[in-house]
Structure formats: structure tokens, C-alpha cells
Amino acid sequence: MPIQGLEILQSSASLRGQPSALRRTPWVSKYIDTSTCIGCKACEVACQEWNDLPSVPTQQTGTYQTLPSLHAQYWNLIRFDETEVNGNFALLLRKEQCMHCGDPGCLRACPAPGAIVQYSNGIVDVNPEQCIGCRLCETGCPFDVPRFSEQTGKMSKCTLCVDRTTLGLEPACVKACPTGCLHYGTKEDMLALGEHRVAQLKANGFANAGVYDPKGVGGTNVVTVLKYADKPELYGLPANPTVPLTVRIDKKPVRWIGLVAMAATVVGLVGHYLRYGPRTGGRPKSPPPPERQS
Amino acid sequence: MTAPRTLPGTEFSGDAAISAARTKEDIVVGDRLVRFRWRTRALHWLVALTFVLTLFTGLPIWTPIFGWMAYLFGGLQVVRWLHPWFGVVFSFFILIQFIDWVGEMGMTQADRQFIQLGNFLKYMRWELDEEGVGKYNGGQKLLFWLSALAALGLLLTGIVIWFPNLFGEGLREASWLIHDITFILFTLLIMGHIYLGIVEPGTFTAMIEGTVSRDWARLNHPAWYREVTGAERGGREEDRRTR
């Protein structure tokens, strides 16, 4: 059941959402400053606790990382990427989770009406009652976030704690963060906070610091400050994420051309019957006179 | 008392041509020609049934405009589970049908001419000279090959969509697109096939009873008619006018 207190801006496999346009809801965002994250994983625990997710056995991958990647029961994962930047060692920490895109590829790809919704405050949420477990959302997502649960046969992912944020609380992970690298507020405010932090980082010698808010997916409602924003791949983020071209072609032109072609074929065949009918319909099929044009 | 007359070796007391059509085809029985034996018809209807079931469980997943179809089967979640299994059964039957028919579906020179666009449009206006058309015309043979190709494409892309864990992201994306485009073209083809199968009186009966009239055979498949009856070429217009 989608959250009742919020209007729905977009709904999967539906012509439109139901925004009444009676009130303007500011878009909300989570701010993640990867430069002040200490990798304590308090956000991971808070996420599991608040969302009542059962624990997932950890896996040793050679780093401090809890799991190799997100899981149907683990929506918030701190990535530990040990790498080399400009000849120096760098331990890059990033909070991996649903990015809550302005133009969500998962929602575009989803064939089940209402299974994925975007609320009027920009939060992208899954409605398990409508989800049919086809996993097409995985194909639509440029961030590889949606996870299919073998137990429930449904997709699951971060909800930006929509059940908390609707009531004016911050998401559980933000509440738990001890260093203040996580913040929650309007998108506008979080972007301003990001620009402020980027200026600080630049002054401290990180010339390529920047805010990750990719325009290819309509911006993300998770605003991430990166020390090396010129190379988001180092953090496991795509440089120019977009909804895959195949999904966009499949969902708009192919669908409409297909429907029009099917309708046109029905009309054409009825027309053919009216014009030509069955060939034994009475007109003898003798060879036409030599000069006659049909 | 004399026993009812039956074909030798059968206990069937109904129509002799229909009785013969259980096991034989391409023969003359009385005033009827046997066109499709039971096996051919049974296969065709199994393919048709599973095609429709697969289509009707796939369409509501394709677009919500066909969402109502899902309720015929118990809802979108049921349809999502049924569709791949129907697809597997359809693939099985169309494979058997392919094996059964492939020997008769080689394209002759006349067939290749038939399927040229200009000639095909002429055929659709019932104006094409079809003197050389055998048991299957070029359009039917083309449909046979295109259906086989489409079914193969749908099966392969369907497997990728069904078991996404086993395949890479690029292949999964391509499979969804190819699956949708293929099924649309296949469906358009089948719509035309169904129309041509019912528009002409006698054609649908051929797939039900297995038999056709002499007039039907002479009109639609003259070379096959001559082959089965041993009739001479020509005299065609005469026959039609005196029918």
C-alpha cells in the first residue's frame, strides 16, 4: 500500500499519477558526504532495524564491506573501495542505496500498474502488493539497485524511509549517522549544503571535488559529495547514468507503433473483406481484358 | 440385414471423406479431397491454442491497455507465472509441427514469385494467376518459415528474461526489446493468417474436418488439385463458370 499522506506523481504502467495540484510539495533529498564517512555502518544497522529486515549473513570480500552488493534484505551498504588516485592510496567509502532518480528507470520499465510509484516529494517507492516479480526494473535501473527476493517473489529497495519522512522525521540512517555526513531535507537545501562542502574540499586540495546529481536520470534525490567527482567510477557510480535506450525504445515507440499496427491490421482486414470479400463471392475470376487497368 | 457401408478396416459409419482424413491425405474420396489428416490438424490446433494462451498471458505484461486479459487467468501475478510455461509448451508444439511440415515447405520458383510484394498484393485482390500453386502457396510457406524464426527468437529471448541471473545486463536489455518487437510482428502475421483462414468458405473446414471440395481445391491450389485428381491442366475457367 503506498503511503496515504503523499500524492503520487508518477505510477508504473499507468498513464499518469494523481497529483491534485492543490499543494506544492518540495522534493526531499538525502545528502551523503563521502569525505566524512568513517565506515562505522551505523546506517546499515539503523536501516535493518527500522525496516524490520532480517539479518543477512556477512561475506568476507577482502575489505570491511558487509556484503559484495545490495541484497533484497539489505538496502543500505557502505562500499569500501581501496584504490589509487593520482599515484596516492585512497580508501573510498560510499553509501550504496537507491538513488531515488527524478526520472526513475525502474518505474519506466515496470509493467505492473502501481507497483513502483514516485511520490510528489520525489521519493520512489515499491508497492509489493502490485509487484509481479518480473525483474524488469533491474533492467531499467542504471545504478543496479533493485533486488529480487526469492522468498517473497517481489522486488525491494530503499524507500528513503517514506514512512518516517512523511511524518517529518529524518530517515533512519540519517538519524543514526555519528559524523554528520548524512543529512536530510529539501533537495534545494541539500544541494546548497553540497556546494558548501565542495568549496571546503577544493580549498583543502581536492580540486576535482563535486556534487553527484546526474542529469541523465533527471537528477537524483540522493545528493552525494565526492572528493573525486571527475571519476565517479572509483566509487562504483556510473559517470553518465541514463535509463537504458532499449527500455526507452521498448516502452514508448515500440509499444505505440505495435498497438497502432495491430489496430490498423484489424481495420485493414475488415476493409479488405468489405472491398474484396471471399474470392468465391460472386465475381468470376476470368483473366482481365488485356488493356484494362485494375 | 446388411451391415452399414464403411471404409475397409474402419468401424466409422459417418462421412467417408472425414473418416479417411483420420490417417490419409492428398487423396480423393467421393466429391471431396482430403487435405489435412488428423495428425496435421491436431498439431495445428495445439499450436494455435498455445499461441493464443501465450499471447493472452503476455499482452497484459506488455501494456496495461490489455490488463483486462490478465483477469481471464486470475490476475497479473498469475499471468506472469503462466506466460513462460505456456511459451515452453507452445515452443514444443511448434517444433513438432515444424518437423511434420518442413518437408513440404520448400520454396519453388512459383512460390518465390508469389511472395513478391506486387504479386502478393495482386493475390489479395484475388487477381493473381495461381495456376502453379501447389498444396501450399508461397504465402503459406513464408508464414511457416517466419513463424519458426519468430518462435525461436521468442524462446531464446524468453529464456534470458525468465532466468536473468544467468545472463549479462546487455543481453537482458536486448532480449526484452527483441521479444517485444518479434511478438508484435508475429501477432500481425497471425492476424492475417486467421483472416485468410476464415474469409474463404471451405478453408476453415479444411482445418476442422480435413476435407475440401473440388471447387475449393481447383480455385485455391490448382496444381495440388491436378496432382491429387489427375485432372488435366486448363479447363479451369470452364469449371468455375459451370460450378
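A: Chain A falls into two pieces: domain 1, covering 8–243, and domain 2, covering 244–277. Keep in mind that this is a predicted model. Going by C-alpha atoms, the centres of domain 1 and domain 2 of chain A sit 39 Å apart.

Now for where those two pieces meet. On one side, domain 1 of chain A brings 6 residues, and on the other, domain 2 of chain A brings 4 residues. If you look at the domain 1 side, the elements of chain A giving two or more residues are helix 2 (105–109) and helix 3. As for the make-up of that domain 1 side, you'll find 2 nonpolar, 3 polar and 1 charged.

Next, turn to the partner chain. Here 35 residues of chain A and 32 residues of chain B take part in the contact. On the chain A side, two or more residues come from each of helix 3 (136–140) and helix 7 (245–275). So helix 3 of chain A turns up in both places: on the domain 1 side that touches domain 2, and on the side that touches chain B. Helix 7 of chain A gives the most to the side facing chain B, with 14 residues. Sorted by type, that chain A side has 19 nonpolar, 10 polar and 6 charged residues.

Terms used:
Residues are numbered from 1 along each chain as its sequence is written. Chains are lettered from A and ligands numbered from 1 in the order in which they are written. This is a predicted model: local features need pLDDT of at least 70, side-chain atom pairs count only at pLDDT 80 or more; totals for chains, interfaces and linings use all residues. Two residues are in contact if their C-beta atoms, placed from the backbone, lie within 7 Å. Helices (H or I, at least four residues) and strands (E, at least two) are DSSP runs, numbered from the N terminus. Ala, Val, Leu, Ile, Met, Phe, Trp, Tyr, Cys and Pro count as nonpolar, Asp, Glu, Lys and Arg as charged, and the others, Gly among them, as polar. Domain bounds come from an automatic or database domain assignment.
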